[in-house]
Amino acid sequence: MEEDNVKIAIIAKTLLTPICLLALFTPSQASAQLIPQPWVSVGGKDGDITYAVGARALNFGVELGTGPDGATGVDVLKFISLPVISPYVGVGLYSEDKGVAVSGGVQVGATDNVFVGAGYNSIRGFNGQLGIRF
């Protein structure tokens, strides 16, 4: 009887070990796209038209924009990926004594390969976004 229990324990360990190793080393689904998702943005503040281009990868983004009075700057964005909608917040630095900017907005998947968005930047104002996914 004891000999049967030892055999069962050996068989169980022999089967359980590869299953555990497989579960441990099997890659999980990527939560973020590795290929950058570029977009263009047009907006306005105080009667001036503002422009920006950006890209997103791994739930972080970078946006290069121009604001009123020829101010140019770069914003670093952090996205929260939800099934259809991706809100974001960001902080940036602008020239022409404009200083630090804060921003926030949302991007929504319109189709499998196209997304639209809307946002606000404290220096560049409200903006609309159009982007593509590869």
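How many residues does the hairpin that joins β6 to β7 pass through? The hairpin runs through 4 residues. The structure is a predicted model. The mean pLDDT of the protein chain is 84, and 75% of its residues reach 70 or more. Residues 20-24 have a pLDDT below 50.

Strand β7 pairs on two sides. With strand β6 (residues 99-109), β7 pairs in the antiparallel sense over 7 bridges. Here V116 of β7 is the bridge partner of V108. With strand β8 (residues 125-132), the pairing of β7 is also antiparallel, over 8 bridges. F115 stands opposite G131 in β8. A hairpin with 3 residues between the strands is formed by β7 and β8. The two faces of β7 have separate surroundings. F115, G117, G119 and N121 lie on the covered face. V114, V116, A118 and Y120 lie on the uncovered one.

The count of aromatic pairs comes to 4. One of them is formed by W39 and F115. Their centres are 6.5 Å apart, with 70° between the planes, and the pair is edge-to-face. W39 belongs to strand β1 (residues 37-45) and F115 to strand β7 (residues 114-121), so the pair ties together parts that are 76 residues apart in sequence. Both partners have a computed accessibility. W39 is buried, at a relative accessible area of 3%. F115 is buried too, at 1%. Y120 and F126 make a further pair, with ring centres 4.7 Å apart. Their planes meet at 55°, so this pair is tilted. Y120 is partly exposed, with a relative accessible area of 34%. F126 is exposed, at 60%.

Ring pairs also link W39, F79, Y88 and F115 into a cluster. In soluble globular proteins, nonpolar side chains tend to be buried together.

R56 lies over the face of F79, at 4.3 Å from the ring centre. K78 lies over the face of F60, at 4.7 Å from the ring centre.

Note on methods
Residues numbered from 1 in each chain as written. Predicted model: local features only at pLDDT ≥ 70, side-chain atom pairs only at ≥ 80, totals over all residues. Heavy atoms only, no water. Phe/Tyr/Trp six-rings, centres within 6.5 Å; stacked < 30°, edge-to-face > 60°. Buried < 20%, exposed > 50% of the residue type's maximum accessible area, 1.4 Å probe, protein only. Lys NZ or Arg CZ within 6 Å of the ring centre and 35° of its normal. pLDDT = per-residue confidence, 0-100. Contact = heavy atoms within 4.5 Å. Pairing = 2+ DSSP bridges.
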